[in-house]
Amino acid sequence: MYGKLIVFEGVEGCGKTTQIQRSRQWLSESGWEARLQEQGRSLLVTREPGGTELGIALRHLLLGQVTQEPMQNRTELLLYAADRAQHVAGCLRPHLAKGGVILCDRYTDSTVAYQGYGRGLDLNLIYLLNQIATDGLESDLTLWLDLDVKTGLNRTHQRGTADRIEQADIVFHQRVQQGFTELARSHPHRVIRIDASGSESAVAHQIQAALQQQFEQWFTEPLSG
Ligand code: T5A
């Protein structure tokens, strides 16, 4: 019995954190969590960067302004890869090996979109590094919360201070959005587009419909006879 890795992706402020919490609650209220427990599967919510103890320290380096000198693009790429290597080996794989289900806030597609499309680093290098960091672990389902870049940034600005990456200019974030668009187009088997422009509950309904369909396929015993 192996578990399932479900990833939430999208531009800044697209609502991933909000929707992961709502999905967690829905899985409990809809009875799916209890059914999973009957099968010996537990649910884990985690994120990148920062899903491990070491990852929390790396997240601080990545998103804070810890030094006066600007972080080089390759340094940033390698720090995200280091966070992921630790997360996959120390957290994701052990949970999946026990049959668990994981809701993860960002994963490899964020590196393609932000460091590849956003920073302009070589995409082949990024695919190779993702492969090294994950040792080949891919998401089983990626929910891409598709939201206009300006709307997302307005939401994060209303929340208060912006982190190091949120402070990048709008053109950078538009390239990131292009990256997510391309990823969805080229991986239709695992990426589902969610229209994230509506209310929190409108977005949650789309996600619940996608999860319901996928969970029935993964976790419902076929009728015998
Ligand atoms: N990164 C990450 C890389 O560059 N490369 C990588 O490989 C990886 C893994 C992570 C940063 O690291 C970068 C990407 C990021 O810049 P983070 O703090 O985790 O940093 O940043 P985000 O993942 O972008 O998280 P945010 O909290 O900023 O955005 P979310 O989670 O998408 O949005 P959320 O749910 O917090 O909502 C933002 C605000 O909008 C409101 C919420 O209440 C909140 O105030 N909101 C809505 N408002 C109106 N309508 C809705 N439907 C709403 N949904 C939420």
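**Notebook: the ligand and its shell**

I began with Tyr 80, where an N or O atom of the side chain lies 2.8 Å from an oxygen atom of the ligand. I note that this is a predicted model.

Next I looked up Gln 115. An N or O atom in the side chain of Gln 115 is 2.8 Å from a nitrogen atom of the ligand. Then I turned to the backbone. A polar backbone atom of Gly 15 sits 3.0 Å from an oxygen atom of the ligand.

The ligand takes up the space of the largest pocket.

Which elements give two or more residues to the shell around the ligand? I found helix H1 (16-29), helix H3 (53-63), helix H4 (73-97), helix H5 (108-118) and helix H7 (149-159). H5 gives the most, with 4 residues.

I went through the shell by residue. There are 27 residues around the ligand, and Glu 12, Lys 16, Thr 17, Thr 18 and Thr 111 come nearest. By class, I noted 11 charged, 10 polar and 6 nonpolar residues in the shell.

Last, I picked Ser 110, which lies in helix H5. Is Ser 110 buried or exposed? Its relative accessible area is 7%, so Ser 110 is buried, the cut-off being under 20%. I then looked up the side-chain contacts of Ser 110. A polar contact of 2.9 Å joins the side chains of Ser 110 and Arg 106.

Definitions and conventions: Residues are numbered from 1 along each chain as its sequence is written. This is a predicted model: local features need pLDDT of at least 70, side-chain atom pairs count only at pLDDT 80 or more; totals for chains, interfaces and linings use all residues. Side-chain values use heavy atoms; hydrogens and water are left out. A residue is near a molecule or strand if one of its heavy atoms lies within 4 Å of it. A polar contact is a pair of N or O atoms within 3.5 Å; within protein, one must be able to donate a hydrogen and the other to accept it, and residues adjacent in sequence count only if both atoms are side-chain atoms. On a 1 Å grid over the protein atoms alone, a cavity is a set of points where a 1.4 Å probe fits but cannot get out, and a pocket is an open set with protein on both sides within 12 Å along at least five of seven lines; lining residues have an atom within 4 Å of a point. A molecule sits in a cavity or pocket if more than half of its atoms lie within 2 Å of its grid points. Ala, Val, Leu, Ile, Met, Phe, Trp, Tyr, Cys and Pro count as nonpolar, Asp, Glu, Lys and Arg as charged, and the others, Gly among them, as polar. Buried means under 20% relative accessible area, exposed over 50%, partly exposed in between (1.4 Å probe, protein chains only).
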